[in-house]
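Okay, thanks for coming, everyone.

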Amino acid sequence: MAFKYAVTDQNDLYFITTTVVGWIDAFTRKELADVIIESLKYCQSEKGLIIYAWCLMPSHLHMIVSAEENYKLSDIIRDFKKFTSKKIIKTIGEINESREWLLDKFSFAARINIKNKEYKFWQDGFHPIVLYSNEFKDQKLDYIHNNPIESGIVSEAEHYNYSSAVNYAGGLGLLEVVYL
């Protein structure tokens, strides 16, 4: 798999983005967003994921992350995407989802990709960008937290529940973060 962006040092700090195929707004349903939150909590407690900032938008997830020593960030994200893809497909089938076309789109995406059998939920890769300076860290932190404002979802970053902006504003967010 040849991607322009890659994790070159497993212990560096990275800005990453993972996106639903076709930029489909899957995370407007709380049940599907909860799959992501619970999976990130698991990755933090069991797989060595360190989250510094995050924001789950309707069609994608931005994070600033690293891995604990003796863990590989690329492996953590690969496993996270694999698990959440399967769990989200299963959850769509279990909830009263009025958008049945979702499974059709994910099935079609799998048919045009040799690596997938039935469904493809995430786009390939996760676009890791190493954060090489404090200025660049601050830029990406602001970008992540202001994404819901720029999208017109909220007027104040800390009012968006699916973001670490709550933590950075002094509140208790959905995920624990290590402050930059």
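So, valine 7 sits in the segment before S1; helices (H or I, at least four residues) and strands (E, at least two) are DSSP runs here, numbered from the N terminus. Before I go on: this is a predicted model, where local features need pLDDT of at least 70 and side-chain atom pairs count only at pLDDT 80 or more, while totals for chains, interfaces and linings use all residues. Residues are numbered from 1 along each chain as its sequence is written, and side-chain values use heavy atoms, with hydrogens and water left out.

Back to valine 7: buried or exposed? Buried, with a relative accessible area of 16%; the cut-offs are under 20% for buried, over 50% for exposed and partly exposed in between, with a 1.4 Å probe and protein chains only. Not counting residues up to four places away in sequence, valine 7 touches Tyr14, Leu73, Ser74, Phe126 and Pro128, where contact means heavy atoms within 4.5 Å. From valine 7 to tyrosine 71 you go 64 residues in sequence, but 13 Å in space, C-alpha to C-alpha.

Now the sheet. There are four strands in an open sheet, ordered S2-S3-S1-S4, with antiparallel pairing; two strands pair if DSSP finds at least two bridges between them. At the edges, pairing on one side only, are S2 (49–56) and S4 (129–130). S1 (residues 14–19) and S3 (residues 60–67) share six bridges in the antiparallel sense, and threonine 17 has histidine 62 in S3 as its bridge partner.

Helix H2 (residues 73–94) packs on that sheet, touching S1, S2 and S3, and its direction makes about 145° with that of S3. Helix H4 (residues 134–150) packs on the sheet too, touching S1, S2, S3 and S4, again at about 145° to S3. Those axes are lines fitted to C-alpha atoms, for helices over the stretch in contact, and angles run from 0 to 180 degrees between N-to-C directions.

What covers the buried residues of H2? The cover includes S1, helix H1 (30–46), S2, S3 and helix H3 (101–111). Among those buried residues are Leu73, Phe80, Lys81 and Ile92. As a length check, the 22 residues of H2 should span 32 Å at 1.5 Å a residue, and the end C-alpha atoms are 31 Å apart, which agrees; the expected span is 1.5 Å times one less than the number of residues.

Beyond its neighbours within four places in sequence, asparagine 147 is in contact with Met57, His60 and His62.

Last, some backbone angles. Most residues other than glycine have a negative phi. Tryptophan 23, however, has a positive phi of about 55°, and asparagine 70 has one near 75°. Asparagine 70 lies in the loop between S3 and H2 and counts as exposed, at 75% relative accessibility.
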